[in-house]
Amino acid sequence: MLVCSFHCSLHRSWIYKIPFAALLQGKNIKTTPRLFPDSLCSSSFLHLSLRAIMVSHKEFVAAGKQPGLQVWRIENLDLKPVPKALHGSFYTGDAYLLLFTTAAPSYNIHMWLGEECSQDESGAVAIFATQLDDFLGGKPVQYRDVQNCESNTFLGYFKSGIKYQKGGVASGFQHVVTNDMSAKRLLHLKGRRAIRATEVELSWASFNKGDSFILDLGKDVYQWCGSECNRYERLKASEVSIGIRDNERNGRAKLHMVEEGEEPKNLSYMNEKWCLDIGTNKDASIAVEDTFSLNSSRTELVRDAVSSVAPSSPFKQAMLSPEECYILDNGVDKNIFVWKGPKANMSERKAAMSAGQQFIKDKGYSNTTQVKVMPGAETTLFKQFFSDWRDKDETTGPSKAYTIGSIAKVKQVPFDASTLHSNKAMAAQHGMVDDGKGKVQIWRVENGAKAPVDPSLYGHFYGGDCYLILYSYRLGDCVCYSLRQGLKCTQDELAASAFLTVLLDDSMGGSPVQVRVTQGQEPPHLMSLFQGKPMIIHTGGTSRKDGQSQAGSTRLFHIRQSSSNATRAVEVEASASSLNTNDVFVLKTPGALFVWRGVGASDEEMDAAKHVVGFLGGSPSQVSEGKEPADFWSALGGKKEYQTSKSLRNIVHPPRLFGCSNKTGRLIVEEIPGDFTQSDLATDDVMLLDTWDQIFLWVGNEANEEEKKGAPKIAKEYVDSDPSGRRGLPITTIKQGAEPPTFTGWFQAWDLKMWETDPLDRIRGKF
């Protein structure tokens, strides 16, 4: 059967069920949500495809043997390899097959379709993609990418941009010959995060003020920048120009930077003068970019035409049966996901891409809709449609969640406090700017002002209070934590907390890194400030003098050690369902005190339990998982199911970087494709870095006020609307030039001196 979802925003969707066979047989599918019985796929096109995939192409002999990218073009319905120097250059009349292999190894297969490619070429590349998938054991994730609407995964392979050239095999066009000094073409560059260079008519009428263009004359390559083209777009255009010189001409061409109004008078190739007037249609220069919008459109899950399965998305992982194949329909945002159950029959698994393409036709979606086929190696975006997605052996709890699997270029680094300042990757993954031995000052928000907390109570935080913590370490370096423990504090205190944080930041010249923390989402570095003692978080109450409320007669504290060896004890509901086999729990009742140790708990967590016992008072009884006495279960309201899957804590989620910009007239958020670098931080924007258990907002020095004000709201909405359950994550705001190692460690080879010079001047130095 097929499950299809209708996505209305980044995290929300509608979901339908439809017959698999009807889809592949080309029958019309209505938009009304319906459920039909499953059946085998049997269309004539499918049978033709399955006969074809019994053959393995000779080009596949070396496919996937080495990490990296391999590209083939469809020529006369056959595969022809594209030279590595020309990767990223595509003819609009052709179809291409791409394979990206990681060191794990894992694989991505892409079918790329030019907007003018023929039906035969489109069909041929689909068959070759299925052959290649079969050759690699059905392990690759498959993508269908269409010109101008490529996936971020695809765009990430070409950090210097992609080029669209007119023509194709049918027109007699061959790929650009390396060192071809007779080239004569005009490329129109569009985009801020993902650059697309499209070949346009070699005429002055093709120009406009808002974009950059490249006039490629073989020996000379001219980069022309319109007067309304911003600095970051100029920077990206320069990378494309350098790529043409270095890759297509092997460094033999000469680059020229030309500003509007300063065109060389001796250049008249287009039989027109450079100084002619230019059209001023700025709208024509706005690129087609991947953006996400966060809205609350109505969502629904239905069965048949009327019966409801769930009142709204997100979906539940249990909806995916391993014996079936499913389509998750996000067609309004031009995305279709096909999930292949590991136990589904072979014919359905092999027909997954064909089924996705047929579904697009039957639903009347745009031909540019992307199709992604998941063989069991689900992408991050796919999993974010599910509120309860758990990978094999993944666990939950008050610390970070860990995903089991191989993630390229993100390796878990063991924690070693002695190397924090030199090892930025470790500092970033563990969220540690140092070992927490600096100066700590804590205030409680009280009557709209800061009230010092008694140092004897440092480490205890109450749900009825808001706190400010100023941590000072190396000379001039500070972190300001705003703890909105606030599950039970007032709105006035929350507002005062934000205001006092700004005042504290201003009083120190804007130098502190600001971290907003919500109860239950405390970062590892904050927990490390109490030097060997656990951070103890109380459900309610207050640290105000004479303001303590009466604690419950039965209390349960959940103790877990973070990946950086800091420990937190969180008061949770006194119920057996709160237990976790990986951790230690302290249970206080009117007549007894228990320390419960799960099978996967550590000795360090047991040591932390001693501090909780000392605070609660009493003589504890040690209880091992599986050997609990009857009064233990009775105090928790009886036995119940709890988390029993032992956590594997050696893999982290891959980080994601987004740019927040209003350069097009409205504030939009665009993901940076591929492996991002420090150069992707646009100094005229606010950037959002998602490291899974923390969100960073990086404010460029040239970002405007609308971006500065709007980005925090977007960050909060981005996290709160994530169905994977990350609501309330810490959001850290940092400024360009004052980045802590917890941020810089996510960027390979961070350059401390990069901001001392203009990025545009640096890249012009390469001309």
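Let me begin with the ground rules. The model is predicted, so local features need pLDDT of at least 70 and side-chain atom pairs count only at pLDDT 80 or more, whereas totals for chains, interfaces and linings use all residues. Residues are numbered from 1 along each chain as its sequence is written, and side-chain values use heavy atoms, with hydrogens and water left out.

First, the whole chain. It has 16 helices and 36 strands; here helices (H or I, at least four residues) and strands (E, at least two) are DSSP runs, numbered from the N terminus. Of its 767 residues, 57% count as buried, meaning under 20% relative accessible area with a 1.4 Å probe and protein chains only, while exposed is over 50% and partly exposed lies in between. Contact means heavy atoms within 4.5 Å. Among contacts with a separation of 6 or more, 66% join residues 24 or more positions apart.

Next, helix H3, residues 119–135. The expected span of a helix is 1.5 Å times one less than its number of residues. For the 17 residues of H3 this gives 24 Å, and the end C-alpha atoms are 24 Å apart, which agrees. Its buried residues include Phe128 and Leu132. After H3 comes Gly137, with a positive phi near 75°.

I now turn to a sheet. Strands of a sheet pair through backbone hydrogen bonds, either parallel or antiparallel. In this model, 7 strands form an open sheet with mixed pairing, in the order S5-S9-S11-S10-S12-S13-S14; two strands pair if DSSP finds at least two bridges between them. Strands S5 (89–91) and S14 (254–259) stand at the edges with a single partner strand each, so one side of each has no neighbour in the sheet. On average, neighbouring strands are turned by 25° against each other, direction ignored.

Within this sheet, S10 (residues 185–190) and S12 (residues 212–216) run antiparallel and are joined by 5 bridges. One of the residues involved is Arg185, whose bridge partner in S12 is Asp216. Helix H5 (residues 231–248) lies across several strands, including S10 and S14, and runs at about 20° to S12. Such angles, from 0 to 180 degrees, are taken between N-to-C directions of axes fitted to C-alpha atoms, for helices over the stretch in contact.

Finally, which residues does Glu259 touch? Glu259 lies in strand S14 and counts as buried, at 18% relative accessibility. Leaving aside residues up to four places away in sequence, Glu259 touches Trp224, Cys225, Arg234 and Arg764.
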